[in-house]
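Biologist: I am new to this structure. Please show me how to read its features, one at a time.

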Amino acid sequence: MTCTVRTLSWVFLVFVIGAMTTGLADETWHELQGHGSAFGAALQGKAKMTERRYAPDRDADILHITIDVTPDFQQRTVAGTTTIRFAPMAKPLTELRLDAIDLDVSSVTSDAKIEGYDVTDKAITITFDPAVRPGAKTTVKVVYEAEPKRGLYFRTPAMGYPEGDTHLYTQGETHEAPHWYPNYDYPNEQSTSEVICRVPEGMTVLSNGRLVSEEVDPESGLKAVRWLQDKPHVNYLVALVAGQLGKIESTYRDIPIAFYTPASQIEYAANSFRDTADMLEFYEKEIGVPYPWDKYYQAAVEDYGGGMENTTLTILTTGTLFPDEMENVRSSQGLVAHELVHQWFGDYVTCKDWSHLWLNEGFAVYYEKLYDGHKNGRDSMLYNLYRISHWVLRNRSVHKPIVTRSYDDAWEQFDYRAYQKGAWVLHMLRTEMGEEMFRKCVKTYLERHALSSVVTEDLRSVIEELTGRSYDRFFDQWIYHGRHPDVEVSYEWSEKDKLAKVSVEQTHEVTDKVMLFHFRTKIRFVIDGEVIDRRIDIDSQQHDFYYRLPGKPDIVRFDPDYGLLANVTFDKSTPMLYEQLEYAGDVIGRLKACDALAKKKDKKTVAKLREVLNEDPFYGVRQRAAAALEEIHTDEAFEALADSLDQTDARVRQDVVGHIGDFYRPESLELTRKILKAEENPAILGGAIRNLGLYHHKKTRRLLVRYLKSRSFRNELAGAAVEAIRMLDEPFFIGPLQQILAEREREFRSWEFARALETLARISRNEEDKTKVRKFLVGYVNHPKEQIQAGAIGALGALGDPKAIPVLETFSSDEPDNRVERAAERALKDLRDRKELVPEEIVQLRETVDKLKTETDRLKDDLDDIKKRLEANKEALGDKEADETSGSSQTVAEDENDKG
Ligand SMILES: [Zn+2]
């Protein structure tokens with residue numbers, strides 16, 4: 001799933017955009033998007049710190065919902081009538097509570113007798129008198145207007161989107177739907193649904209299920225389009241897309257499939273749509289359950305993050321679209337496959353509550369990789385698993401299990417645990433039980449729970465039933481406990497005895513949150529091309545295995561089939577790594593050899609990696625070799641990269657260019673300029689432009705101004721120039737950058753424009769007179785695009801001009817709950833602290849001085865105190881001497897003490 005990127009840091013954002021557009025890690029994208037979304041009205045109230053979360057009670061069974069909306073594209077509001085048919089479950093129902101966020105309700109009616117209804121900013125509570133008896137099918141109808149802050153997003157020319165591309169789209173997951181219609185909003189409830197949307201005649205309306213009718217109302221002139229989803233699905237999967245859209249279409253079997261974009265971008269749709277039918281065919285075969293719905297449409301929409309798997313209508317970001325000239329650097333394959341798989345995992349069966357989210361996302365990520373294996377070969381699939389393993393393995397200090405009930409906000413569940421680790425858990429199951437048995441289990445699990453909600457135990461019990469084996473421990477260690485094993489492997493060879501000793505130790509700390517892992521894998525020896533595999537069972541912390549072999553192994557591999565998610569350290573000799581690096585049948589072995597060799601600096605290793613970079617048959621190993629050379633970072637490594645630009649696979653070429661930019665060398669600048677002349681792929685050119693950001697030089701200034709003014713697909717080259725300018729941090733660019741931003745706002749993508757505003761502020765922060773830039777930025781603080789608005793507000797913080805404080809204060813809130821308010825809060829803090837304007841050492845020095853001053857003051861007080869005590873005592877002593885019977889001296893001393 002997904003939704004818009006709200007609170008990501010820029011670094012993340014750029015990474016995410018980059019990762020997604022390479023088709024690499026849409027799971028990355030998923031993981032990050034949506035933070036800060038308003039969580040569940042369904043949970044009745046605001047979340048407190050880390051409560052345990054459970055699915056709410058269902059007092060009524062929702063049977064069918066009809067949502068009839070008329071959007072106003074000028075006002076960006078909707079007028080709606082929502083009709084809900086329900087039946088009370090076990091008890092007579094007095095109150096029906098519907099999640100409804102900030103809806104302006106004008107009437108609530110029912111075929112049952114309503115005593116009254118109460119509307120808050122979170123819910124509508126309808127009271128029946130008499131109570132509706134269990135099972136009695138009842139209808140309520142709510143008429144309302146909404147100006148949705150979330151859940152339904154307008155994209156219009158008045159907001160800065162192109163004329164002729166007007167559209168709106170919705171986003172349900174996790175709890176955004178109540179912003180545009182009322183319903184019970186939690187995934188432990190399924191119902192059929194119907195969406196009617198009334199739009200001007202030239203517009204297209206898309207929603208779930210099948211098209212029922214399209215009628216023009218002669219009175220209003222509006223076209224009413226009615227869609228019916230007649231198979232039950234959960235509320236967050238209800239979707240609507242409407243507007244001026246372009247379309248390409250086809251069929252798979254008798255299933256209509258289509259791809260929509262804003263009208264002006266339809267020429268790019270084919271590149272993203274290309275594999276859809278092939279994926280459907282593959283998934284039907286692989287999953288064993290026919291595609292369960294009436295159609296499969298995908299719609300790309302503006303300023304949306306990632307993708308969302310609404311039943312029969314996936315919504316995607318337009319960021320996934322790309323022209324041919326990008327070659328294979330860009331791809332929609334991962335994203336398109338991911339969302340399509342969700343039609344089975346997530347839609348046909350849905351996690352009952354967010355603690356079991358991995359049943360949606362883990363399957364989507366894993367089957368996305370399985371399709372990649374089908375299309376591009378097993379090496380490609382393994383490479384994908386290798387890459388996503390890093391998302392898990394770097395989280396060594398996080399002990400949160402995949403299934404946990406302790407979270408504040410549902411979005412916290414959308415991280416590497418549900419996505420990458422979930423996918424790996426499935427990969428381990430499949431490796432361990434074999435493909436055929438795995439398929440059988442998955443098919444049975446889907447068929448048994450079709451069109452309903454699932455929990456992890458549903459999957460486990462099917463697996464146990466069909467395999468006859470206990471999976472208690474497997475699920476306990478991987479799903480209900482946190483982390484993954486750290487495994488240290490060592491190997492010794494005794495030539496005399498022809499004996500290999502392999503030791504395996506689990507080195508991670510075992511606690512009540514992280515178990516000692518039990519797993520089964522293999523040790524592989526390769527001796528003169530002959531492969532000898534030995535099964536090993538790991539069930540304690542330390543094992544020593546001895547094997548008599550025909551000769552000294554050239555290669556020793558732990559877990560050669562790559563079926564274990566573990567952080568494996570295996571210290572090997574360099575010659576053995578070289579053998580492994582060249583061993584054709586083992587892509588993971590070659591990748592891991594690169595990992596190990598990246599830590600060496602010698603010329604021979606560099607030469608070996610250079611050879612791999614130019615000759616390995618698999619592009620992923622070539623990419624890894626390029627990265628290893630960058631890590632080695634010697635002059636020879638630089639030369640090896642510089643001499644390896646002639647890569648036919650654009651993905652490798654892009655990496656080589658990127659890594660060259662990681663070296664600060666005068667030759668690197670020259671080389672980058674050569675690349676800029678020769679390269680034609682805009683994505684790779686963008687990388688080369690960013691590389692210029694290291695070199696303060698007249699020539700780079702000239703080049704960057706030229707790229708700032710250039711025109712390219714989505715203004716990518718100008719965006720790359722902004723990044724380089726940001727790195728250079730030179731006031732020289734203030735004028736040219738401001739001019740381009742003023743003239744060409746609409747050509748930038750929203751996030752990139754926001755980023756550029758912030759860059760302008762940063763490079764202006766040391767200017768004496770900031771008035772011009774401040775005024776320029778203030779011009780964007782009310783921009784109708786939330787991203788640009790927040791960007792401008794953040795930029796005012798970065799500019800460091802206290803004169804912006806009054807403007808920023810108008811956006812601040814005591815409890816910031818959206819992107820703009822959070823940006824204002826951060827900016828105000830920046831300005832009030834003004835810390836970023838003072839070098840860090842001075843800040844520290846000032847802190848030290850402050851501390852010293854406090855200490856001196858205290859010492860002075862103490863001294864005064866002692867002095868006074870002494871004086872008092874002296875006085876008392878004097879008095880005593882003078883008048884031995886007087887008792888007043890004590891009193892005086894005490895009084896003085898009090899003052900001290
Ligand atoms: Zn997903």
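Modeller: We start with the whole chain, then turn to backbone, salt bridges and surface charge.

Modeller: First, the ground rules. This is a predicted model, so to speak of local features we need pLDDT of at least 70, side-chain atom pairs count only at pLDDT 80 or more, and totals for chains, interfaces and linings use all residues. Residues are numbered from 1 along each chain as its sequence is written, and side-chain values use heavy atoms, with hydrogens and water left out.

Biologist: How many helices and strands are there in the protein chain?

Modeller: Helices (H or I, at least four residues) and strands (E, at least two) are DSSP runs, numbered from the N terminus. The protein chain has 29 helices and 28 strands.

Biologist: What percentage of the residues count as buried?

Modeller: Buried means under 20% relative accessible area, exposed means over 50%, and partly exposed is in between (1.4 Å probe, protein chains only). The protein chain has 900 residues, and 58% of them count as buried.

Biologist: What is the accessible surface of the protein chain?

Modeller: Accessible areas come from the Shrake-Rupley method with a 1.4 Å probe; for residues, only the protein chains shown count as cover. Here the total is about 37700 Å². Carbon and sulfur atoms hold 48% of that surface.

Biologist: How do I read the contacts in the protein chain?

Modeller: A contact means heavy atoms within 4.5 Å. Take the contacts with a separation of 6 or more: 71% of them are between residues 24 or more positions apart.

Biologist: Now the backbone. What should I expect of phi and of peptide bonds?

Modeller: Most residues other than glycine have a negative phi, and most peptide bonds are trans. Now look at the cases here. The peptide bond from Asp 129 to Pro 130 is cis, with omega near 5°. Pro 130 sits in strand β6, residues 123-132. Glu 173 and Thr 174 are also joined by a cis peptide bond, with omega about -5°. Thr 174 is in the loop between β9 (167-170) and β10 (190-199).

Biologist: Where do Asp 303 and His 633 lie?

Modeller: Asp 303 is in the loop between β17 (296-301) and β18 (307-308). Its phi is positive, near 50°. Asp 303 counts as buried because its relative accessible area is 16%. His 633 is in the loop between α15 (619-632) and α16 (635-642). The phi of His 633 is positive too, near 60°. At a relative accessible area of 30%, His 633 is partly exposed.

Biologist: Next, how many salt bridges does a search of the whole structure find?

Modeller: A salt bridge is a side-chain nitrogen of Lys or Arg within 4 Å of a carboxyl oxygen of Asp or Glu. The search finds 60.

Biologist: Which residue forms a salt bridge with Arg 58?

Modeller: Glu 189, with the closest N and O atoms 2.9 Å apart. This pair links distant parts of the chain, 131 residues apart. Arg 58 is in the loop between α2 (26-32) and β1 (60-72), and Glu 189 is in the loop between β9 and β10. Arg 58 is partly exposed at 29% relative accessible area, whereas Glu 189 is buried at 4%.

Biologist: What does Asp 561 form with Arg 524?

Modeller: A salt bridge, with the closest N and O atoms 3.5 Å apart. Asp 561 is in the loop between β27 (555-558) and β28 (567-570), and Arg 524 is in strand β24 (residues 519-527), so the pair ties together parts 37 residues apart in sequence. Asp 561 is partly exposed at 30% relative accessibility, and Arg 524 is buried at 15%.

Biologist: Which residue forms a salt bridge with Glu 636?

Modeller: Lys 603, with the closest N and O atoms 4.0 Å apart. Glu 636 is in helix α16 and Lys 603 in helix α14 (residues 603-615), so parts 33 residues apart in sequence are tied together. Lys 603 is exposed, with a relative accessible area of 60%.

Biologist: Which residues are linked in a network of salt bridges?

Modeller: Glu 286, Arg 430, Glu 435 and Arg 439.

Biologist: Last, which residues gather in the patch of positive charge?

Modeller: Lys and Arg count as positive and Asp and Glu as negative; His and the chain ends are not counted. Patches are made of residues with over 30% relative accessible area and no salt bridge, like charges being joined within 9 Å and nonpolar side chains (Val, Leu, Ile, Met, Phe, Trp, Tyr) within 5 Å. The place of a charge is taken as NZ of Lys, CZ of Arg, CG of Asp or CD of Glu. On this surface, Lys 677, Lys 698, Lys 699, Arg 702 and Arg 706 gather in a positive patch. Helix α20 (residues 698-708) gives the most, with 4 residues. Arg 706 is found in helix α20, and Arg 706 counts as exposed because its relative accessibility is 56%.
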